[in-house]
Amino acid sequence: MATIDAPNPDIQATGAQTHPLYWKNRGFAHHFRNADEQFDACKLGMWLFLSTEILLFAGIFCAYAIFRMLYPEAWAAGSHHLDWRFGGLNTVILLLSSWTVASGVRAAQLGNNAALIRNLVITLICAGLFVFIKLYFEYIPKLSAGKAPGTFFSYPYAHDPHEPLWWSIYYIGTGIHALHVLIGAGLLIWVLVRAIRYEAYGPTEYTMVENSALYWHLVDLIWIFLFPLLYLIH
Amino acid sequence: MTTAETTHDHHDEGSYLTPKYGVMGTIWDWMTTVDHKKIGVMYLFAVLFMFFLGGVAALAVRLELLEPVRVAADGTITGQLFGPANPESIATGNNIFNRLFTLHGAIMVFMFIIPSVPAALGNFFLPLMLGAKDVAFPRLNLFSWYIYVVGSLFGVFSIILGGVDTGWTFYTPYSTTTDADHWRVLLMVLAAFVLGFSSILTGLNFIVTTHKLRAPGMGWFDMPLFIWAIYATSIIQVLATPVIGITLLLLIFERLFKVGIFDPALGGDPVLYQHFFWFYSHPVVYVMILPGMGIISEILSVHARKHIFGYRAIAFSSLGIAAVSFIVWGHHMFTAMGELASTIFSALTFLVAIPTAIKMFNWIATLYKGSIAINTPMLYALSFLFLFSIGGLTGLPLGALATDLHLHDSYFVVAHFHYTMMGGTVIAFLGGIHHWWPKMFGRMYNERAGMIGCVLVFIGFNLTFMTQFFLGTQGMPRRYASYIDEFQTLHVLSTYGSWILLAGFLVHLFNFIHSLVAGPKAPPNPWGGLTLEWETESPPIEHNFHHEVLVQHGPYDFDTVVPPHCDEREFPLPETPASH
């Protein structure tokens, strides 16, 4: 148990950096043969986890496709209520954040802690903007106009009896995605705090940065599919 | 396989079971452990407790079916086990019966059989058989145990609050309309949702462990077949479970917010739920059976002292079953699909029989000319071959469209899946527990008592479920609390069988308790096995092996290798070297 975070015997820190979380002080868990093996294992684990996330969203995409086939008019009517400009802005914001988080990984690999922190902060600002736009310009006005899911639907000018179903799919799809944005942001905050406090990431220790960034790319990727399906095609 | 220096025995490192602190300290040590062996043992006790709960419900269901429910001319009711005895109470009694079989199904599927072999025996033996010190992510492993416990508690609370009568499959609209004034259905659905995460994390951990932590010298085809089976299982767990996650989440939204996705009144489709559900739950029946098949490969080879026949065929058939499992879910909805789709799903379903039969023939060929030791694990393995053959072959009439229209939702289906799930997985699980008991706890069990228990389980099982095949073909529908008089003889026999089963399990229980208290100390390798777990102490030391293991021979090379640490009184050295 105590050996899981064993200090690295090979690299000894010098000077003021004596905290065990400082990247040069980090070792690897005792059941791995070396740090590379641990890094590979963590990355494989993360990719497997991402595949489960994709399958989770696959259920929503599948429901979208089936009901789109059954009720094309409802889908066309529903998607007219979405403003592509907000969706497009959010797409740009997420793409930008994917770029900055990738730059953050690069900064960690190069041992440039200041650049890592800078990139993470920009990414987090993008995450905040995304959620803000989603809530303030989309969810709240739509819900107050009665465009709510299922039986809560009370919008008086609906064109098609199956429009409530469209809104159910819209809120579930984008809602679960937004939840993932928040989880991803939480992971990045965790990385940021450790980068600021302990300078925890560097050329030999960036697993956490890389895996959180992978998660963030997944969040981006799912939005890339949600955006055209919901906003662009009718 | 042999350790680099097996002659150096360091006895300074204690077994993983040795308590190092006081009572509270030891409890705290177990609750916070990241040792895969302790987590495996904690899983073992947790799933066996759930097996007990689900078993009690099963016995109650069988007891209610001992007599048909009848109202006499004077108004007295006979044959009703639950609820008050007046004519208006029949609905109440039926309601209780529904909740009991739902409870039995939900507990047995989600809380017992899915985690049974992989999480309990897999956790303990996967790293040992790979020659690793632990699984790849030990803390994640402990976390998944806690998720399992939380999920199971949700399920148990739901039962205490009155239970659900949706059936374990939570089909809509039962699951969206029944008990509308109460949140216990939500709690039960949430339990299955939470348990899914535990399953995903365990599977993920095992895949990474198998890829990254094999001992030096162990290639993919030097792995024991149990590992191949667990690996195939883990792939299904990782790829199928998220789909049930989103399905149950949609179901929760449906109940809470009436989103309409499964509600025809709002344009939704209840059959869509069934498609989503079985896209997970059909692959998952192979999560239940594949690890059992892995155990059988180990037991047959070790206790018949024969090299496993067709190693690669068995390994690839595990992956084959995992692959086919994803494309057969439609056979649960033959009556709700078009003719073409039904025909395609029927044809795909038959494909499952091929890899399964490959395994079966290879196992039987392994036994041929082996020196078969008749002991409890071997008896269970032989029972598995017999029972699982019946379970598998009776799947074919259910997969064929014409016969399925007659047999679906009848006792034939009940008997079929009990022959595969219980006659397959539970029998293999029991065989595996006996096979690895000396390694896990360092004590031998009483062989005679074990064999008596096995024979009782075998007889009881067949009496309970063989009768149900006949009931099914005669038209007895599943999930009914009563039946016509003609069915009573078979129902009575089936209920008697369940009591014999209980007796068999009790014999095992007392045997295990006796072994823990007073069993003789187990040698490191009581069966003369060649896989790596037999190379360390019984029970294993805290870090599994004294030295880093170096794999020097295959897991089943009984014809060329003398097992190390073997009790030589039982397995004398060969007098003349074999010609090859």
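Are Phe51(B) and Phe112(B) buried or exposed? Both Phe51(B) and Phe112(B) are buried (under 20% relative accessible area, with exposed over 50% and partly exposed in between; 1.4 Å probe, protein chains only). The model is predicted: local features need pLDDT of at least 70 and side-chain atom pairs count only at pLDDT 80 or more, while totals for chains, interfaces and linings use all residues. Residues are numbered from 1 along each chain as its sequence is written, chains are lettered from A and ligands numbered from 1 in the order in which they are written, and side-chain values use heavy atoms, without hydrogens and water.

Rings of Phe, Tyr and Trp (its six-membered ring) were paired if their centres lie within 6.5 Å, with planes under 30 degrees apart counted as stacked, over 60 as edge-to-face and the rest as tilted. By this rule, there are 64 aromatic pairs over all chains. Phe51(B) and Phe112(B) form a tilted pair, 4.5 Å centre to centre with 35° between the planes. Phe51(B) belongs to helix H2 (residues 36-64) of chain B and Phe112(B) to helix H3 (residues 90-130) of chain B, so the pair ties together parts 61 residues apart in sequence. Helices are DSSP runs (H or I, at least four residues), numbered from the N terminus.

For Phe412(B) and Phe469(B), the ring centres are 5.1 Å apart and the planes lie at 65°, so this pair is edge-to-face. It links helix H15 (residues 411-441) of chain B, which holds Phe412(B), with helix H16 (residues 447-474) of chain B, which holds Phe469(B), 57 residues apart. Phe412(B) is buried, at a relative accessible area of 8%, and Phe469(B) is buried with a value of 8%.

One aromatic cluster includes Phe110(B), Trp168(B) and Tyr273(B). The charged end of Lys147(A) sits over the ring of Tyr155(A), 4.9 Å from its centre (NZ of Lys or CZ of Arg within 6 Å of the ring centre and within 35 degrees of the ring normal).

Terms used. Helices (H or I, at least four residues) and strands (E, at least two) are DSSP runs, numbered from the N terminus.
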